[in-house]
Amino acid sequence: KFLKKHPLDVPIHVLSGDPPEQFNLRAIPATFVLDKAGVVALQHRGAAAWDDPTIVNFVRGLAVAPR
């Protein structure tokens with residue numbers, strides 16, 4: 001429902017079945033940013049300022065980092 005109201009220009013993945021152990025948190029929201037190899041590059045629990053230039057630059061760096 002959220003994506004229908006707020007389309008995003010990034011890949012969105014939804015897990016089916018049980019999540020990996022490292023995703024087994026009791027915090028909401030919980031955010032995981034994966035690198036191109038699928039490795040967790042950033043894990044954050046709770047609210048965050050995702051438009052902060054430090055975070056934006058970090059994520060952009062992941063997008064262009066060689067595999």
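Me: A helix is a DSSP run of H or I that holds at least four residues. Where is the place of Thr54?
Reply: The model here is a predicted one. In this model, Thr54 has its place in helix H2.

Me: Why does Thr54 count as exposed?
Reply: Exposed means over 50% relative accessible area. Thr54 has 58% relative accessibility, so Thr54 counts as exposed.

Me: What makes up the protein, in helices and strands?
Reply: The protein has two helices and two strands. Read from the N terminus on, these elements run α-β-β-α.

Me: How do you know that S1 and S2 pair?
Reply: Two strands pair if DSSP finds at least two bridges between them. S1 and S2 have five bridges, so they count as paired, and the sense is antiparallel.

Me: Which residues of S2 are the bridge partners of Leu34 and Val33?
Reply: Leu34 has Val40 as its bridge partner in S2. For Val33, the bridge partner in S2 is Leu42.

Me: What lies between the strands of the hairpin of S1 and S2?
Reply: Five residues lie between the strands, and Gly38 of this hairpin takes a positive phi near 85°. Ala37 is also found in the loop between S1 and S2.

Me: What makes Ala37 count as exposed?
Reply: The relative accessibility of Ala37 is 60%, and the cut-off for exposed is over 50%, so Ala37 counts as exposed.

Me: Which residues is Val39 in contact with, leaving aside its neighbours within four places in sequence?
Reply: Val39 is in contact with Val33 and Leu34, and a contact means heavy atoms within 4.5 Å. Lys5 is 34 residues apart from Val39 along the chain, and their C-alpha atoms are separated by 29 Å.

Me: Why is Leu3 called partly exposed?
Reply: Leu3 has its place in helix H1. Its relative accessible area is 39%, which falls between the cut-offs of 20% and 50%, so Leu3 is partly exposed.

Me: Which residues does Leu3 touch, not counting those up to four places away in sequence?
Reply: Leu3 touches Leu8 and Ile12. The C-alpha atoms of Leu3 and Asp35 are separated by 22 Å, and these residues are 32 residues apart along the chain.

Me: Which residues lie nearest the centre of the largest pocket?
Reply: Pro11, Ile12, Thr31, Phe32 and Val33 lie nearest the centre, and the lining has 23 residues. The elements that give two or more residues to this lining are helix H1 (2-5), strand S1 (30-34) and helix H2 (53-64). The pocket has a volume of about 1200 Å³.

Me: How do the residues of the lining of the largest pocket divide?
Reply: The lining divides into 19 nonpolar residues, two polar and two charged.

Me: How many of the residues of the protein count as buried?
Reply: The protein has 67 residues, and 6% of them count as buried, a class that means under 20% relative accessible area. The protein exposes about 6100 Å², and carbon and sulfur atoms supply 58% of that area.

Terms used. Residues numbered from 1 in each chain as written. Predicted model: local features only at pLDDT ≥ 70, side-chain atom pairs only at ≥ 80, totals over all residues. Heavy atoms only, no water. 1 Å grid on protein atoms, 1.4 Å probe; cavity = no way out; pocket = protein on both sides within 12 Å on 5 of 7 lines; lining within 4 Å. Points joined across faces, edges and corners; volume = space filled by probe spheres on them. Nonpolar A, V, L, I, M, F, W, Y, C, P; charged D, E, K, R; others polar. Buried < 20%, exposed > 50% of the residue type's maximum accessible area, 1.4 Å probe, protein only. Areas by Shrake-Rupley, 256 points an atom, 1.4 Å probe, with all protein chains shown as cover.
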